[in-house]
Amino acid sequence: MAVEKISQGHLGIVEKDSWLLPDEPELRNRYERYRQRLAEIEQGSGSIIDFANGYKYYGFNYSEEDKGWWFREWLPSAREVFLFGDFNGWSRTEVPLVRMYNGNWEVFLPDSEYAYRLVHGSQVKLLVHGCDGSWLERIPSYIRRAVEDTKTHNYNGQLWAPEEPFDWNGDNFDIGSIGSLLIYECHVGMAQEEPGIGSYTQFTEKILPRIKEEGYNAIQLMAVAEHPYYGSFGYHVSNFFAPSSRFGTPEELKNLIKTAHSMGIAVIMDLVHAHYVKNINEGLNKFDGSDIYSPKIKGDHPHWDSKLFDYAKWQVQHFLLSNIKYWLEEYRFDGFRFDGVTSMIYHHHGYTEFDDRTKFFDDTVNRDGLLYLTLANKLVHSLRPNAVTIAEDVSGMPGMCFPIEEGGVGFDYRLGMAIADFWIKLLKEQRDEEWSIWDMWEIMTNRLPEVKTIAYCESHDQAMVGDKTIAFRLMDKEMYFDMNRTSKNDVIDRGIALHKMIRLFTVSLGGQAYLNFMGNEFGHPEWIDFPREGNHWSYDHARRQWSLADNGLLRYSYLAEFDKAMIAMIKKYKILNLGYAWNLQMDEKNHTIVFSHDDLLFVFNWSPFNSIPDYATEVFFPGRYRIILSTDEQQYGGPDRLDKKARFFTYPHTFPDGTIKHYMQIYNVNRCATVYKKMKK
């Protein structure tokens with residue numbers, strides 16, 4: 001039996017971070033609970049990989065040996081269960097399931113009777129006589145496709161068994177080969193310009209080439225698992241093993257992923273295991289008449305209008321771990337961004353101030369949630385060593401991104417959520433001249449070196465209706481009137497300048513990976529608002545207006561071109577691999593920050609007013625420098641005050657104590673960020 005090694009002294013996480021020493025008993029308890037559960041899994045199933053084979057047992061599985069379909073469902077408290085659908089004329093009680101052991105029910109459907117009735121595309125449902133006396137039609141929990149009836153708007157399960165399996169030949173992609181992650185967060189349905197719901201095929205043909213051209217090497221797909229309400233953004237999942245049918249077929253999603261891989265683009269799934277939809281008709285709620293997936297007490301999320309999972313139940317662990325393996329194996333996703341981690345790991349779901357260390361280790365922590373996430377990371381990395389796991393945790397729970405064998409939870413990355421919050425607060429509450437360069441530096445660099453962080457200045461969260469994107473905070477309604485290249489508008493000029501600076505500052509300082517939400521790179525002018533009663537079911541704000549970036553007469557194209565150049569520079573010089581930047585100069589008077597990554601010198605002048613000729617800045621490496629990127633360049637919408645052909649020479653300065661530092665003189669223009677590169681000769 002394989003289990004992780006534990007140090008005879010302190011846990012590895014404590015050895016690396018002595019701040020955790022007072023709480024080592026609790027950390028060790030968490031680790032031992034994980035070891036015990038893993039040992040139980042391995043004793044019963046051989047390995048956690050084999051344990052996560054639920055989808056190969058439950059639901060529909062064809063047996064070549066028996067010549068027919070086995071259908072199984074876990075309904076421990078049900079009184080009676082029937083399978084029905086178009087294969088039997090929707091006769092609800094014609095095909096009963098037999099109660100087996102451990103709450104399982106099953107039925108065998110032989111080819112001799114059903115070969116031409118139960119076929120690929122057949123629609124099916126369950127009739128469950130629940131322990132509460134209810135008779136409810138349900139969709140099988142492991143169904144691999146669910147489709148909506150356009151007339152009734154009810155969903156049915158669909159047997160998905162194409163005659164020929166999807167052809168993955170030639171797909172040998174490994175996310176470990178692409179280097180530092182540059183993630184393009186996207187939503188298939190709203191990725192098209194035309195009002196309506198986009199498809200997997202449209203995304204493959206129209207959007208993937210854009211992402212490739214812009215230089216991003218990973219996409220993070222949102223709203224993949226089926227969800228009955230489109231406006232939930234995919235966060236009220238009903239069918240965990242079914243990709244959303246509103247975007248197309250499972251094969252079309254697989255083709256999207258295979259095509260992305262052929263372009264060198266990884267595909268990360270936004271995985272929602274924090275909660276599930278309350279709906280009775282579509283989801284898991286009261287599946288057998290009882291709360292089999294939720295805690296009996298406090299099983300509802302108090303803020304999200306959804307149901308919670310009871311992570312202490314081994315059946316829930318089995319269901320969710322099987323779901324992870326299914327997406328990795330069947331669709332070849334390259335990893336997961338685990339949504340709502342903060343909600344999963346605290347009984348208060350994160351609705352508190354994390355202002356005291358005890359809040360990470362007291363009884364408000366959901367230890368079962370932490371246990372499940374540790375098992376999930378163990379499974380992902382056992383199955384795919386290079387697959388990526390990302391934690392969306394706003395609390396800063398210690399150990400989330402430490403290896404499991406050191407007492408951590410095992411995530412590869414955490415989202416740098418405080419960075420986006422910082423930019424919003426700054427833009428909302430302070431004038432430019434009040435911005436503290438020390439606060440800016442602190443928010444970007446305040447992280448442990450072992451904790452890999454995905455930096456971003458805004459994601460889909462900031463683009464939703466009720467909030468504002470950075471572009472809209474900077475330029476507001478002026479974006480509707482003065483984004484043409486010939487206009488003269490101080491608000492737009494400021495917005496264009498700061499939009500570029502904020503992005504370059506974030507990507508070059510904030511972490512080991514970077515994320516952008518689709519369209520934000522060119523300052524998409526409108527918020528996201530899915531069709532709902534409040535907007536008369538309109539799709540006008542559930543789309544992306546790519547034509548704005550493509551129009552060479554509008555300033556959106558400047559922002560798009562700058563983002564492309566910025567990403568190219570980040571990749572070329574492998575800046576995300578270089579660790580913390582070296583802080584060389586903090587000039588409060590002129591709101592200027594100077595830092596270096598290797599032989600690259602970054603100069604950020606945040607001042608609205610101060611442009612200083614012959615500005616002396618310290619450099620780490622003496623020599624000759626040239627400009628390789630500047631937000632001031634005309635091609636990126638800048639006023640073009642700097643000479644890119646100029647060469648800059650350093651000179652030494654000896655201090656009274658004998659210390660020698662090197663400086664060079666530059667034109668330090670206001671509201672501008674410039675990157676200088678030391679020349680070889």
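In which helix does Lys-325 lie? Lys-325 lies in helix α7, where helices (H or I, at least four residues) and strands (E, at least two) are DSSP runs numbered from the N terminus. The structure is a predicted model, in which local features need pLDDT of at least 70, side-chain atom pairs count only at pLDDT 80 or more, and totals for chains, interfaces and linings use all residues. Residues are numbered from 1 along each chain as its sequence is written, and side-chain values use heavy atoms, with hydrogens and water left out.

With a relative accessible area of 3%, Lys-325 is buried (buried means under 20% relative accessible area, exposed over 50%, partly exposed in between, with a 1.4 Å probe and protein chains only). Apart from residues up to four places away in sequence, Lys-325 touches Ile-49, Ala-52, Asn-53, Tyr-55, Lys-56, Glu-330, Leu-379 and Leu-383, contact being defined as heavy atoms within 4.5 Å. From C-alpha to C-alpha, Lys-325 and Arg-117 are 30 Å apart in space and 208 residues apart in sequence.

A buried residue is also found in a loop: Ala-78, between β2 (68-74) and β3 (80-85), has 2% relative accessibility and counts as buried. When neighbours within four places in sequence are set aside, Ala-78 is in contact with Arg-99, Trp-105, Val-128, His-129 and Asp-288.

Helix α6 (residues 250-262) contains 13 residues and reaches 18 Å from its first C-alpha to its last, close to the expected 18 Å; the expected span is 1.5 Å times one less than the number of residues. Among the buried residues of α6 are Pro-250, Leu-253, Leu-256 and Ile-257. The buried residues of this helix pack against α5 (200-214), β12 (218-222), β14 (239-243), β15 (266-271) and α7 (314-330). After α6 comes Gly-264, whose phi is positive, near 80 degrees.

Two packed helices are described by the angle between their axes and the distance between the axes. The axes of α5 and α6 come within 8 Å and cross at roughly 20 degrees; axes are lines fitted to C-alpha atoms, for helices over the stretch in contact, and angles run from 0 to 180 degrees between N-to-C directions. α5 and α6 are therefore roughly parallel (angles under 35 degrees count as roughly parallel, over 145 as roughly antiparallel, 65 to 115 as roughly perpendicular and the rest as oblique). Their contact involves Tyr-200, Thr-201, Phe-203, Thr-204 and Leu-208 of α5, together with Glu-252, Leu-253, Asn-255, Leu-256, Thr-259 and Ala-260 of α6. These residues divide into six nonpolar, four polar and one charged; Ala, Val, Leu, Ile, Met, Phe, Trp, Tyr, Cys and Pro count as nonpolar, Asp, Glu, Lys and Arg as charged, and the others, Gly among them, as polar.

Helix α10 (residues 417-429) and helix α14 (residues 490-509) pack at about 150 degrees, with their axes 12 Å apart. This angle makes α10 roughly antiparallel to α14. Ile-419, Trp-423 and Leu-427 of α10 form the contact with Ile-502, Phe-505 and Thr-506 of α14. By class, the contact has five nonpolar, one polar and no charged residues.

The axes of helix α2 (residues 24-45) and helix α9 (residues 367-383) come within 10 Å and cross at roughly 55 degrees. α2 is thus oblique to α9. The residues of the contact of α2 with α9 comprise six nonpolar, two polar and seven charged.
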